[in-house]
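User: I am new to protein models and would like to learn how to read one step by step. Could you guide me through this one?

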Amino acid sequence: MTKTLNQKEITIQKLEKEVSTLRKKMFLYETLQAEKEIEKGQIKGPFKRGKEIINHIKS
């Protein structure tokens, strides 16, 4: 265990929890950003909706 300047303990479990929280926030941010790009028509790929991707994969 390591102590910071204000004497709070930093453990592996706390770091893992913080990383997990940051991953969730990044996923939400990227999802919202992708939705905005779709609405603005800034998509450069052949698929504009998730349904189109699923249909393409199934066929």
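**Reading a predicted chain**

Analyst: This is a predicted model, so we begin with confidence: the mean pLDDT of the chain is 79, and 71% of its residues reach 70 or more.

User: Where in the chain is confidence lowest, and where is it highest?

Analyst: Where pLDDT is low, the predicted coordinates should not be read in detail. Here the lowest confidence falls in strand β1 (residues 2–3), with a mean of 56, while the highest belongs to α1, with a mean of 89.

User: Which pattern does the chain follow along the sequence?

Analyst: The order is β-β-α-α, and the secondary structure amounts to two helices and two strands.

User: How do I check the span of helix α1?

Analyst: One compares an expected span with the distance between the end C-alpha atoms. After α1 comes G41, which has a positive phi, near 75 degrees.

User: What share of the 59 residues is buried?

Analyst: Buried residues account for 2% of the 59 residues, and of the chain's accessible surface of about 6000 Å², 59% belongs to carbon and sulfur atoms.

User: Which residues form a nonpolar patch on the surface?

Analyst: I10, I12 and L15 form it, with about 260 Å² of accessible area together. Of these, L15 lies in helix α1 and is partly exposed, because its relative accessible area is 41%, between the cut-offs of 20% and 50%.

Notes. Residues numbered from 1 in each chain as written. Predicted model: local features only at pLDDT ≥ 70, side-chain atom pairs only at ≥ 80, totals over all residues. Heavy atoms only, no water. Helix = DSSP H or I, 4+ residues; strand = E, 2+ residues; numbered from the N terminus. Buried < 20%, exposed > 50% of the residue type's maximum accessible area, 1.4 Å probe, protein only. Areas by Shrake-Rupley, 256 points an atom, 1.4 Å probe, with all protein chains shown as cover. Expected span 1.5 Å × (residues − 1). pLDDT = per-residue confidence, 0-100. Patch = residues over 30% accessible without salt bridge, like charges linked within 9 Å, V, L, I, M, F, W, Y side chains within 5 Å. Salt bridge = Lys/Arg side-chain N within 4 Å of Asp/Glu carboxyl O.
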